[in-house]
Amino acid sequence: MSLIISVVGQKGGSGKSTLSRAIATCYASASWDVKIADLDINQSTSFTWLQRRINNSIEPIIAVEAFGSATQALKKSDDYDLFIFDGAPTASRTTTEICKSSDLIVIPTGLALDDLEPSVVLANNLSKEGIDKNKICFVFNRASGSELEYNEAKNYLDETPYFVIGGRIEDKPCYRQAMNEGKSVTEARYKQPREKADVVMQNLINRIEELTN
Ligand SMILES: Nc1ncnc2c1ncn2[C@@H]1O[C@H](COP(=O)(O)OP(=O)(O)O)[C@@H](O)[C@H]1O
Ligand SMILES: [Mg+2]
C-alpha cells in the first residue's frame, strides 16, 4: 500500500502545485518512489514543471502524470511508495473522491481572511462528506514576513478542529525562480528561504508519521 497525500484548495493559485512538488522532492530525496498525479488537466503545470526538471538534469527524479479522473489515477497509486494528488484549480466531486482515499489532506492557505475562510469551508465540507478531521491540515503559503499576521492567522485556524502545520512559506521571488528551473521551494538557491521551507516540510512529514504510526 502506498502513502497517498492530496493537496487541494478552493481557490486557484493558493499553492497546491507548489506544495505537491515540495512534498514530492522531499520524499524522493529520501529514496522514496514518488508520483505526482496532476489533476489540473487544462494547465497541467506540474507536468510542464517536470519537463523543466528533466531538461535541467535535476535530481532526484519525480514522476508526474496528468489524469482526467481520480479513479483512473488511483489504479496506479500502488505502483509508488508515495502518490501525491495535485488538485484541480477549484474543489469538485473529484476532490472529495481523492481525499477519501488519502492518508493526509493538505490545504494550502494564505494569511488573509479571504484565504482562510474558503479554506475552512473546504475542510468543513470534506468533513461533512465523512473524511476524518485529523487527516486534514492547513499549510501557510504565499505568506508575508509579518509575525503578527502569521500569529493571527494561526490563532484563527487553531479554533477549527483541523491541524495547522507550523511555520510558513513566504511569497518570495526565489521560490518562483526555483520552480521556473524545475526545482521545488526546498531546492531554492538561497539558504535562508530554503531552510524556512524545509521547516514547514519537516513539520508536515512529522504529522504524516504521527497519523500513520
Ligand atoms: N511561496 C511562494 N512564493 C512565490 N511564488 C509562489 C509561492 N507559491 C506559489 N507561487 C506562485 O504562485 C502561482 C500559483 O501557485 P501554484 O502552486 O501553481 O498554485 P495552484 O496549484 O494552487 O494553482 C505560481 O506562479 C507559483 O509560482
Ligand atoms: Mg496547480
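Modeller: In this predicted model, seven strands form an open sheet in the order S3-S2-S4-S1-S5-S6-S7, and their pairing is parallel. The edges are taken by strand S3 (63–66) and strand S7 (163–170); each has a single partner strand, so one side of each is left without a neighbour in the sheet. From one strand to the next, the twist averages 20°.

S3 pairs with S2 in the parallel sense over four bridges, and one point of reference is Asp38, whose bridge partner in S3 is Ala66. S2 also pairs with S4, again in the parallel sense, over five bridges; here the bridge partner of Val34 is Leu82 in S4. Strand S2 itself comprises residues 34–38 and is mostly covered, with five of its five residues buried. Val34, Ile36 and Asp38 point one way from the strand, whereas Lys35 and Ala37 point the other way, and all are buried.

Helix H5 (residues 113–128) lies across strand S5 (104–109) and S6, and H5 runs at about 160° to S5. Helix H8 (residues 191–212) lies across strand S1 (3–7), S5, S6 and S7, and its direction is at about 160° to S7.

Helix H4 (residues 93–100) also belongs in this picture, with Thr95, Thr96, Ile98 and Cys99 buried. These buried residues of H4 pack against S1, helix H3 (70–74), strand S4 (82–86), S5 and H5. The N-terminal end of H4 is capped by Ser92, which has a side-chain oxygen 3.3 Å from the backbone nitrogen of Thr94.

Ser14 has its place in the loop between S1 and helix H1 (16–28). Is Ser14 buried or exposed? Its relative accessibility is 14%, and residues under 20% are classed as buried, so Ser14 counts as buried. A polar atom of the Ser14 side chain lies 3.5 Å from the backbone oxygen of Lys11. Once its neighbours within four places in sequence are left aside, Ser14 is in contact with Pro108, Asn141 and Arg142.

Ser14 also meets ligand 1: one of its backbone N or O atoms lies 3.3 Å from an oxygen atom of the ligand. Two further residues approach nitrogen atoms of ligand 1. For Glu170, a backbone N or O atom lies 2.8 Å from a nitrogen atom of the ligand; for Arg176, a polar side-chain atom lies 3.0 Å from a nitrogen atom of the ligand. On its own, ligand 1 has 550 Å² of accessible area, of which the protein covers 80%. There are 16 residues around ligand 1, and those that come nearest are Gly13, Lys16, Thr18, Asn141 and Glu170.

Technical notes. Residues are numbered from 1 along each chain as its sequence is written. Chains are lettered from A and ligands numbered from 1 in the order in which they are written. This is a predicted model: local features need pLDDT of at least 70, side-chain atom pairs count only at pLDDT 80 or more; totals for chains, interfaces and linings use all residues. Side-chain values use heavy atoms; hydrogens and water are left out. Two strands pair if DSSP finds at least two bridges between them. Helices (H or I, at least four residues) and strands (E, at least two) are DSSP runs, numbered from the N terminus. Axes are lines fitted to C-alpha atoms, for helices over the stretch in contact, and angles run from 0 to 180 degrees between N-to-C directions. Contact means heavy atoms within 4.5 Å. A residue is near a molecule or strand if one of its heavy atoms lies within 4 Å of it. A polar contact is a pair of N or O atoms within 3.5 Å; within protein, one must be able to donate a hydrogen and the other to accept it, and residues adjacent in sequence count only if both atoms are side-chain atoms. Accessible areas come from the Shrake-Rupley method with a 1.4 Å probe; for residues, only the protein chains shown count as cover. Buried means under 20% relative accessible area, exposed over 50%, partly exposed in between (1.4 Å probe, protein chains only).
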